[in-house]
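Please keep the sequence and the structure at hand while reading.

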Amino acid sequence: MAMQTRPARRTSETDDALGPKARAGLFAGDRELWSLLQRDRRRHNQTLNFIASENYASPAVLEALASHLNVKYAEGYPRARYYQGVEVVDDIETLAIERAKQLFGAEHANVQPHSGSTANMAAYYALLSLGDTILGMDLSHGGHLTHGSSASFSGQQFQFVSYHVTPGDETIDYDEVAQMAKEHRPKMIVAGASAYPRTIDFARFREIADSVGALFMADIAHIAGLVAAGVHPSPLPHADVVTTTTHKSLRGPRGGLILCRAAHARAIDRAVFPMLQGGPILGAVAARAVCFREAMQPDFKAYSEQVVKNARALAEGLVRGGLPLLSGGTDNHLLVVKLLDREYTGAQLATALERAGIITSKSTVPGETRSPRQTSGVRFGTPAMTTRGATVEQMRRVAELIVAVAEAPDNDAHLEEVRAEVRGIAESLEQI
Ligand SMILES: *Cc1c(COP(=O)(O)O)cnc(C)c1O
């Protein structure tokens with residue numbers, strides 16, 4: 001193979017035949033990076049990915065993401081740009097906006113936020129003043145860093161107060177939310193979570209917000225796909241503003257999305273650009289358009305229903321095997337194993353599971369006694385494995401394997417045995 005000193009240009013020829021050989025050819029001068037890419041693809045294909053926030057986007061999404069649109073600067077919004085040469089990307093962004101509005105039933109959509117965190121920052125900046133009081137979910141009870149953690153801009157620039165799950169069934173304590181709203185008079189109440197396995201009652205949040213004249217924001221970063229498919233109730237009828245990522249259960253490109261009422265449209269758009277970001281990443285905007293259309297198809301609804309069935313099967317298997325779960329189970333795509341009474345930590349179990357080919361993330365839990373690096377929980381989600389075609393029967397078997405690992409996380413020989421079976425399952429699924 002000829003050594004190249006410049007990166008290979010993607011021509012229409014290579015674009016048309018971008019099989020493994022053509023792809024390898026593009027990296028002919030960079031075997032180092034190419035082999036790393038191959039190694040990570042192999043890692044995915046030989047393991048089971050239960051990271052609740054990850055998913056495998058379609059080839060069409062990835063093609064749009066990686067397209068020539070990467071070149072374009074288009075600060076501003078369709079028909080109001082600071083650059084020339086934007087007539088086509090204006091149509092692309094307009095298409096993404098219209099599809100987002102249609103998919104979620106929103107009055108306005110901003111498809112430019114580079115991430116979920118940026119989307120949240122823009123929503124706060126648009127609708128609040130620095131230092132305002134916000135009521136959000138406690139991080140170790142399932143909330144997100146951007147819902148008031150002192151390590152995040154959110155906790156440093158706004159006055160966050162946190163609500164919790166009940167000690168009993170570990171569902172959101174709506175009575176506490178109502179009581180804290182009365183006591184603290186927040187300007188905004190935020191619903192939404194990264195590690196909450198139950199259905200969220202957005203209508204109830206709206207009622208509580210109205211009772212104290214607060215704005216209501218729903219952050220559906222994790223459940224956006226379920227909401228789009230009608231598998232989780234939508235916050236759109238209730239919330240002033242809805243933020244999300246597009247890469248988790250929604251299965252699109254990495255990125256953020258803000259939906260809001262028309263009255264907030266201008267403030268939201270100005271907070272994203274020019275307040276927080278420069279030009280949009282137009283390949284990612286086009287990839288959002290692809291993903292929104294995919295999410296409108298009947299097979300996405302079937303997929304999302306299977307995500308929930310798979311999560312339930314996994315949860316039931318873990319409970320049967322004696323592992324306690326946050327809130328005892330799941331209504332959505334994720335579940336959290338609680339290890340408060342074990343001598344090993346969430347980090348240790350997640351590491352043992354990884355040795356066995358089961359990829360997860362550690363998670364803090366209510367009543368947490370360990371540091372965020374150690375934790376007393378492990379979170380599992382089924383969107384990624386469901387995309388690869390995993391079935392309820394496979395989830396039941398995987399639950400048994402997880403239970404076996406949790407019984408002896410230090411037994412290397414046993415982890416090797418589990419890994420062999422896990423690899424067999426992984427290689428029987430769709431390959432990425
Ligand atoms: C993942 C997540 C985010 C942030 O998304 P990033 O794209 O990682 O910045 C925000 N809110 C919630 C609830 C999330 O789960």
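The sections below treat the model as a whole, then its sheet, then its packed helices.

## Basis of the report

The model is predicted, and local features need pLDDT of at least 70, side-chain atom pairs count only at pLDDT 80 or more, and totals for chains, interfaces and linings use all residues. Residues are numbered from 1 along each chain as its sequence is written, and side-chain values use heavy atoms, with hydrogens and water left out.

## The chain as a whole

The chain contains 17 helices and 14 strands. Both are DSSP runs numbered from the N terminus: helices are H or I with at least four residues, and strands are E with at least two. Because its radius of gyration of 22 Å is close to the 22 Å that the globule rule gives for 432 residues, the chain is as compact as a globular protein of that length. This radius is taken over C-alpha atoms, and the rule is 2.2 Å times the number of residues to the power 0.38. Along the principal axes, the C-alpha atoms fill a box of roughly 70 × 60 × 40 Å.

## The seven-stranded sheet

Strands of a sheet pair through backbone hydrogen bonds, either parallel or antiparallel. Here seven strands form an open sheet with mixed pairing, in the order β4-β10-β9-β8-β7-β5-β6; two strands pair if DSSP finds at least two bridges between them. β4 (108-110) and β6 (159-163) stand at the edges with a single partner strand each, so one side of each has no neighbour in the sheet. From one strand to the next, the twist averages 20 degrees.

Within the sheet, β8 (residues 215-219) and β9 (residues 241-245) run parallel and are joined by three bridges. Ala 218 stands opposite Val 242 in β9. Helix α6 (residues 116-127) packs on the sheet, touching β5 (133-137), β6, β7 (188-191), β8, β9 and β10 (256-260), and its direction makes about 160 degrees with that of β9. Contact means heavy atoms within 4.5 Å, and angles run from 0 to 180 degrees between N-to-C directions, with axes fitted to C-alpha atoms, for helices over the stretch in contact. Helix α9 (residues 202-212) lies across β6, β7 and β8 at about 155 degrees to β8.

## Helices α8 and α9

The axes of α8 (residues 174-184) and α9 come within 9 Å and cross at roughly 20 degrees. The two helices are therefore roughly parallel (angles under 35 degrees count as roughly parallel, over 145 as roughly antiparallel, 65 to 115 as roughly perpendicular and the rest as oblique). Among the residues in contact are Tyr 174 and Val 177 of α8 and Phe 205 and Ile 208 of α9. The contact comprises seven nonpolar, one polar and three charged residues. Ala, Val, Leu, Ile, Met, Phe, Trp, Tyr, Cys and Pro count as nonpolar, Asp, Glu, Lys and Arg as charged, and the others, Gly among them, as polar.

## Helix α16 and its two partners

Helix α16 (residues 392-407) packs against α17 (residues 412-428) at an angle of about 160 degrees, with the axes 10 Å apart. That angle makes α16 roughly antiparallel to α17. Their contact includes Leu 401 of α16 and Val 418 of α17, and its residues divide into eight nonpolar, three polar and two charged.

Helix α13 (residues 298-320) also packs with α16, at about 35 degrees and with the axes 8 Å apart. This contact includes Leu 314 of α13 and Ile 402 of α16. Its residues are nine nonpolar, three polar and two charged. Val 398 of α16 takes part in the contact with α17 and in the contact with α13.
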